[in-house]
Amino acid sequence: RKQFSKDTEYYWVPPSIAADELTPEDPVRYTGEMPATPGSLLRFLKKHSLSHWSLKEGLETADDISTEVMGQANMDQRVVDRADEDKQNMIKKMMTTLKKEKGLVDVGEMMGLKKAADTMAVDKEAEQAQKEAKAKTKKLKLKVEDKETQEKRRQERRLKLQKEEEKSRDVNRKDKEKRKKRRQEEKLKKEDRKRKEAEEKAREAAERERKRKKLEEERAKLPTVPLFSWGQSKESLRISVNVPNLRVEGLSVVLADDRVNISARDVRNRLYTLDFDLREFVVPSNSSYTLRYSEENPLNPKPDGVNINLQKTVVHRWDRLAHNHSAVKQYMRKDWVQDDGELEEEKEEAELPSGPTLKKVTAAALEELTAMHPMVLAAFRLPWCQKCGEKDREFMKAARMSKEKDHLGSVVFAVVDAREEKYLARRHNYSCSDRCELFIFKQDEIEEPYIVPGRRYAEEIQIDCYKHLLPVVNIVEDKGTFDRVTSAFDTAIVGFFRGPRGEDTWYPQFRAVARQLRGHALFGAIFGGQQPRDYGIDHDGLAPAAGGEGQAQGEGAGRPLILLFKPKENRHVEFTGELVLDKLTHFSKVLSLPLLSTYDFETRQKYQELKVPLGMLWLDGENEDAVENTQAKVVLRRLALRFSGHLVFVMLNNTRDAMLMRPMALDPRRVPTFGISATDEPDSPKFGFDLQVRGRAERSAFWADDGGERAFGRLEAFCAAFLEGTLEASHESAELPPTYRWQGPGVVDEVVWRGFREAVYRTDHDVLLELYNPFRPQHRSYITVLDLVAEALKDVMNLKVARMDTQNNYVLPEFGVTDKEKASTFFFLGAAPERQRRPKRFAGKGSKAEALPEKLIRFLHRETRGHATWDPEERVAWVSREAIRRIKRLRALEKDYEKKMQDEWMQKEMEEFERYKRLGKFDNLPPM
């Protein structure tokens, strides 16, 4: 474009590829007719534009709005022209004024002559005169010409005009014919084009339909994933699979513990297949499926899917259904109708242990680590389990500290997501529990990891690592190795095997015991039939075989000699029992502990780990040098030697360990005394030994008679009965005065657990029994209630009223008293042999103490009227009057007693206040 050009030009500018960039091509100039019209510019834009739009619609729109737009434009132009004219007049006036000021004004103009001439039209008259002169001259010339020539000329001109007119009409006619022909040809072409387009569309539609049918046929042959929905409760999963027009005989459902597989066909023989891995495990035996029927025709329902119910192995809320959620996400939706709305959302998933010294590993990575390192300590954790947060912090602390410890630098600490690695977790039986178990993988025992509970302190985890550093069984080949094995630990167990290593059939059992007693005893194995004397041990030699060489292992062929060494006690013990796993394990556990020790916190933890039976002797802690204590210790040592390998014997203090005596029904005031606990667990069976003595002199005589032979004999029989399983377990029991005896009908029998069976189960009477809490409100009033019932029924034959305190006595489970804090519960036990007695609970609702005696009498009458005849009305009338009178008086006394106690308490508080005031305790208090 030329600079300062006033011509209007139009360009099409190509679009840029990105913002703030120049166009990739040069602009294209419009070269059509000028001035340009809206139609020509639209055609130019359509020719070059890259966008898709309709030229026809654009032209129609331009025609519709051109009148309005051009009218507005003309009006705007007139406004602009008027403004320009005013501007020019103003400029002209300014120039005239400027010329006047500088003396450059035209004289004619200044004199007003030009303006006058214009006004008078002088120039116009001159021009008119010239035109008239020319016309006169022309007329004169025409007159001179010949009239015939003029006529001839007019005739020629007329003919010429006629020819030109005919020629014009012929041209117009031909143009009309051409236009008509062209329109007809265009119409025919248009019709032909439309016909061809219709035929092409029909062919394309037919081809599409053919392809669609072919595709449907191919899809029908290929498996299709059906749509399904799922919901859950805390215990189960519910899956609803949609298979329209299901053909029942073509249905196959396979429910595995980790997978769901469904194969079904519809009436068109189209195959539907759904197969995916579950997020966690289910119980196939408790899972099932049923057909789902359509609701469109209730009178003739047709199957349209399958309903599946899966029982969860671990009861909790799943975060998702499928292990590979993305693979089935597009076919699955959540069924909020089937979902349990009352199921609480899982708390925010616990963060797995992490840190620079911890490795989060998969099953494959764990196997590689175990093959590369001597020990891997792995914590299996479930993200939804919230029970191990505190222990995991100690686990992370142990991982940090162990790098600086001797011999623990090579231990690898790892974490496994048990939900993602569910097969690994199942192989090792891991689940969410308070134990928060840790798994120790040894390089030489890859397939048999050790399982230890999570610890509350990092130091305990390090102790577990130290316990598992050494080989499970040390192979002894020389005297130096034998001396190290038998002296490095408090307890060493050595097996002398007849066969060579790897072939002896007894060695696997010995190795299994060694695995169980990791950290409690050091194990060694000697092969090839070597004898203890070859290693400087004074022993007779190998255990004799029970038969010839061809005998089976179960018959004693090639039985090894097992010796247990106690270096600190300078002794060794031979295992002579039946050589089976449980017997050898029990023997090793018991002998891994000292022959006789004092019971304390540290040893208690070891007793709980080993789960060994404890023979417990309580001594007098206030007078440790008492003769009875010395005599009892001598007896206990003899018992420890007698039952070595069967029982662990410990000594306790009656002041510090008095709480442990209560479950055995032993009195801390009467020591020394003895009892046996099956294990050192709170709920394990307990067996208290009844000395059958009362005074201190009798107890001293019991331990001192015949140099302790009397005590040793009875305790020996007691321990033997425990090992044989013939002892009856002891329970917590209160104690009655030695002179107490039931006075007969009319008096309540006070019962404790120690005499419960004799007083309640082995009596010939019907029994009304009250189990009560001595700390209940209005205790004295309710004591009076049962006394009144017993007094009212004193004439009824074979009826006994008894009561027992539940806070200090054991209650049999058959009574169903789960809440010992309950005020009182009444039972009726009909007369029958001991094994046939069944307690029946009094179901009366709670009421005032005054109304309770009447209800109990009527309850007894209802239970005994089948075998006893007595009139309740007279007794009810008497007991009601007495209850009101006695309980009212008792409450008045209790009220006076309470007022007296309050007054005493107030007096003490006032005295304490005055004492503090005298001491100046209140001098520095701020003013009120």
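Is Asp64 buried or exposed?

Guide: Asp64 counts as exposed because its relative accessibility is 62%; here exposed means over 50% relative accessible area, buried under 20%, and partly exposed in between, with a 1.4 Å probe and protein chains only. This is a predicted model, in which local features need pLDDT of at least 70, side-chain atom pairs count only at pLDDT 80 or more, and totals for chains, interfaces and linings use all residues. Residues are numbered from 1 along each chain as its sequence is written, and side-chain values use heavy atoms, with hydrogens and water left out.

Asp64 lies in helix α2, which covers residues 55-102. Helices (H or I, at least four residues) and strands (E, at least two) are DSSP runs numbered from the N terminus. Together with Glu57, Glu60 and Asp63, Asp64 makes up a patch of negative charge on the surface. Patches consist of residues with over 30% relative accessible area and no salt bridge, like charges being joined within 9 Å and nonpolar side chains (Val, Leu, Ile, Met, Phe, Trp, Tyr) within 5 Å. Asp and Glu count as negative and Lys and Arg as positive, whereas His and the chain ends are not counted. Each charge is placed at NZ of Lys, CZ of Arg, CG of Asp or CD of Glu.

Helix α2 also holds Ile91, a residue that is partly exposed at a relative accessible area of 34%. Ile91 belongs with Met95 and Leu98 to a nonpolar surface patch, whose accessible area comes to about 230 Å² together. Such areas come from the Shrake-Rupley method with a 1.4 Å probe, and for residues only the protein chains shown count as cover.

Side chains of opposite charge can pair when their charged atoms come close. A salt bridge is taken as a side-chain nitrogen of Lys or Arg within 4 Å of a carboxyl oxygen of Asp or Glu.

A second bridge joins Arg173 to Glu177, with the closest N and O atoms 3.2 Å apart. This pair, too, is four residues apart in α6 and therefore separated by about one helical turn. Arg173 is partly exposed, its relative accessible area being 41%, and Glu177 is partly exposed at 44%. Lys178 is also placed in helix α6 and is exposed, with a relative accessible area of 55%. A positive surface patch is made up of Lys178 with Lys176, Arg179, Lys180, Arg182 and Arg183.

Over the whole structure, a search finds 60 salt bridges. One of them links Arg435 and Glu437 at 3.2 Å, N to O. Arg435 is partly exposed at 41% relative accessibility, whereas Glu437 is buried at 14%. Salt bridges with shared partners also join Glu445, Glu448, Arg511, Arg515 and Arg518 into one network.

Tyr607 is located in helix α15 and counts as buried because its relative accessibility is 1%. Beyond its neighbours within four places in sequence, Tyr607 is in contact (heavy atoms within 4.5 Å) with Leu593, Ser597, Tyr599, Val612, Leu614, Val648, Val650 and Asp680. Helix α15 (601-610) is among the elements against which the buried residues of α14 pack, the others being β17 (492-496), α13 (507-516), β19 (561-566), β20 (571-574) and β23 (648-653). Those buried residues of α14 (residues 581-591) are Leu584, Thr585, Phe587, Ser588, Lys589, Val590 and Leu591. Between Tyr607 and Lys189, which are 418 residues apart in sequence, the C-alpha to C-alpha distance is 108 Å.

Asp805 lies in strand β28 (residues 799-805) and is buried, with a relative accessible area of 11%. Setting aside residues up to four places away in sequence, Asp805 touches Val751, Tyr772 and Pro774. The C-alpha atoms of Asp805 and Gln162 are 150 Å apart, with 643 residues separating the two along the chain.
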